[in-house]
Amino acid sequence: MFFLVIRGETCRGNCGEVLEQCSCQETCLSLLNCCSDFIQSCVQVSPHTSSMLGGRALKILGLDLHPDEHLVCRFKGEIEREGFIDKEGCAYCVSPLLFETGWIPFEVSTDGINFDRSGEYLSVRPSKADPTFKVTLVNATRWQNYGTANIAGQLTMTWNRSAIEAEKVNIELWGYREVNKSTAAGTSSLEAELSFLYSLGRNLSNTGVFSFTPEPKENFSAWELGNIRITASSTADGERDAQGLWDGGHVLVWHLEQTFKDDSSAWAQNKCLQWDAVEEKLPDFLNELIDCPCTLAQARADTGRFHTDYSCDIKTGSVCTYHPGSVHCVRGIQASPLHGSGQQCCYDGAGALVLTGDSAGGSTPDRAHDWGAPPYREPPRVPGYSHWLYDVMSFHYCCLWSDLCHIYFKHRPSSGCHNYKPPQAGVVLGNLHFVTFDGLNFTFNGKGEYYLVWSPDGELSVQARTEQVKLKNGTLVETTQLSSLAMQENSSDVVEVRLIDEHLQVLRNHKILPLFEQRWMDLHGVFVFAPCPHNVTVMFSSGVGVEVRLYGGTMVATVLLPAKFFNHTQGLLGMMNFDPSDDLMTQLGDVISADASPEEIFTFGAGWNISKTSSLFTYDTKYLVDSYYVPPSHDTAFVPAYSLPERPDDPLVAGMLLMCKGEGAQFCRYDTLITGSLAVGNSTLMAYQSYQARMEALQPVVSCGWLAPPRNGKKNGTHYLQGDTLSFICNDGYILYSSAERTCMEDGTWTGKQPYCIIEDNVGFILGAVGSFSALVTMGIMIKLQNRKQSSHLFAVLAEKHKSNESHLLI
């Protein structure tokens with residue numbers, strides 16, 4: 001690519017900046033205003049991702065050196081590692097172990113003194129690393145349960161042999177743990193540790209497959225979590241940050257001591273009891289967590305706060321190993337602020353929330369969020385590993401390898417959904433139609449850059465760029481559509497999603513994100529999920545979600561706001577306060593009527609144009625500079641078609657009237673007529689119907705909360721929403737006292753009273769004494785004692801459930 005270089009200023013130490021005479025921002029390549037040393041100073045790498053365990057060679061593009069030169073790479077300003085130069089002069093940095101995810105800055109030195117070149121790469125969880133550069137455990141379930149009943153024999157692993165450029169390889173086992181280490185001040189703190197344990201094989205042929213028969217390793221049985229690493233045979237045992245391939249991490253059950261293999265259940269019970277004792281001393285984290293959505297529909301629609309748990313996904317067959325009986329689970333996207341904990345919510349085939357009080361497959365919170373939590377590097381915030389140590393290993397001990405699951409659920413009870421509040425959604429679709437957070441519909445066809453959502457204190461800004469619609473034959477028509485969305489919350493990274501050649505392109509801080517290697521990206525203060533080129537979701541720390549979809553080649557943007565933004569938003573999507581009458585509020589605070597004319601609404605919309613100083617957009621082409629950066633943010637010369645005639649003799653009209661029906665019909669008809677295309681009108685209608693379906697899914701529901709079965713009895717029913725009814729029966733030899741049925745009411749309370757199961761003989765004695773004051777006193781005492789017994793024996797009942805089928809009580 002040929003580009004203009006401007007001399008006099010340098011990009012050394014200035015990458016990402018725009019200088020007085022030239023630019024060190026990546027946009028300079030297309031704007032032809034780069035400083036002369038931009039490519040040499042602001043380096044790019046390929047590939048751009050690595051497992052956070054390190055070991056991947058990152059080729060520095062545009063840096064050609066002599067093979068004898070010295071190359072040093074410095075990561076995060078503190079970790080220095082030797083790079084290498086191949087025989088063609090290409091320079092490489094090998095990613096180090098970091099225990100964190102996200103974009104990692106690094107610097108490069110060719111003289112050992114001056115680190116005057118800089119770049120960045122994306123660090124990901126080992127389980128999300130590029131499969132081409134990952135060790136695969138064949139039949140992972142067998143690996144995870146090796147040594148338990150009827151699981152023995154050989155274990156097998158595979159890898160891409162071309163990913164290791166060597167004829168011979170070493171296969172190593174590394175262990176992970178979190179240990180207390182003393183500081184110079186005399187205090188102690190938890191630190192993450194990944195250590196080489198031993199070799200499974202050395203100087204093996206690089207065939208891409210290896211099988212072995214595990215043997216107990218008494219000296220290493222304390223290491224219960226770890227990874228396989230494969231390196232070239234020239235690598236020394238346990239050499240840190242060497243080029244190599246890692247697996248995604250797993251329980252090292254296959255090398256545990258002989259006592260485990262002799263009696264895995266007894267071994268696991270002991271481990272579960274040890275875990276129970278430790279948990280009793282740890283701080284409570286449950287009250288920090290967001291409540292689960294009450295229904296599966298809510299959980300899948302609330303994409304700003306919840307994301308599919310890939311271990312239990314309805315789209316991939318609902319293989320829910322850790323949640324039997326559930327068909328789909330989601331995880332709370334954000335970790336809790338104080339303890340870095342996570343929420344997990346699971347649902348049954350009827351779409352109801354499954355609780356651990358009823359099922360071993362119920363929703364379980366996590367002391368450590370599976371995806372980690374900023375600043376990541378210290379326990380219990382280490383992505384993946386902390387979660388496995390605190391929440392998954394204990395599940396193996398208590399639930400999978402022994403029958404002490406009630407102990408696990410004592411510390412990991414479902415939170416329920418009593419306090420869950422769905423988000424409000426606003427949408428922009430078609431040419432160019434708006435539905436506010438409070439449900440007001442209007443059309444605004446301005447051309448320029450505008451605020452969709454803006455909070456007065458600057459906490460949140462979502463900006464929309466619109467462009468004039470061009471038909472496939474090149475004809476411009478008097479209407480507009482979305483072409484880009486830019487957004488930021490507080491000091492987060494700026495994320496922009498824009499339409500390029502019929503697909504969506506995502507930018508972070510004015511730099512294009514390469515989404516072909518990773519669909520999910522951890523950014524600063526924000527996450528991005530792009531499962532395909534037509535679908536992007538942006539999720540901020542507050543729970544705000546912004547979804548961008550393509551319908552028939554047209555951008556549709558949906559903004560989801562949690563309750564904290566109530567009465568705290570302005571812009572084209574209005575003030576979120578359940579009152580549509582004030583949604584057409586200008587920047588000056590004046591409100592125009594919802595019955596205003598199209599011309600008045602156009603004037604209102606134009607008033608929400610952004611200032612140049614507040615713009616979050618990227619201007620990286622001459623067209624964008626000339627069309628949006630230089631001129632005013634609202635194009636006053638563009639006048640849209642406010643309405644269009646529907647001529648009976650127009651053949652397009654007949655098809656349009658058949659197609660454009662129901663809510664959203666007016667949008668469908670306008671877009672069909674302005675573009676002369678039924679396909680365009682149909683895309684607008686489908687987008688509106690998708691919005692309607694989301695709003696229906698997000699409708700609030702009333703939960704009355706979980707009810708326990710009576711001691712010595714059973715409960716029929718596990719659904720706890722408004723209108724649901726539970727019934728209760730007693731075991732043989734017991735009589736039910738109080739309510740046999742209870743129904744969840746609109747105010748969130750249950751009808752009736754807590755039922756009790758009382759021994760028949762006692763009831764007969766009491767009934768025989770009816771009319772006697774002492775009998776009434778006795779009845780009251782017995783009920784009180786029965787209630788006290790139920791409370792004091794709560795966990796004893798849980799144990800009974802796992803030993804017999806007489807009770808359905810779980811916690």
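Guide: Strand β30 (residues 503-508) is joined to β31 by 2 bridges, and the two run antiparallel. The model is predicted, so local features need pLDDT of at least 70 and side-chain atom pairs pLDDT 80 or more, while totals for chains, interfaces and linings use all residues. Residues are numbered from 1 along each chain as its sequence is written, and side-chain values use heavy atoms, without hydrogens or water.

Now the whole sheet: it is open, with 6 strands in the order β26-β27-β28-β29-β30-β31 and antiparallel pairing (pairing takes at least two DSSP bridges; strands are E runs of at least two residues, helices H or I runs of at least four, numbered from the N terminus). Its edges are β26 (449-454) and β31 (511-512), each of which pairs on one side only.

Helix α10 (residues 622-629) lies across β26, β27 (460-470) and β29 (495-500), at about 105° to β27 (angles run from 0 to 180 degrees between N-to-C directions of axes fitted to C-alpha atoms, for helices over the stretch in contact).

Further along, helices α12 (665-675) and α13 (678-697) pack at about 155°, their axes 7 Å apart. They are therefore roughly antiparallel (over 145 degrees). In α12, Phe667, Cys668, Asp671, Thr672 and Thr675 meet Leu678, Val680, Gly681, Thr684, Leu685 and Tyr688 of α13, where contact means heavy atoms within 4.5 Å.

Terms used
Angles under 35 degrees count as roughly parallel, over 145 as roughly antiparallel, 65 to 115 as roughly perpendicular and the rest as oblique.
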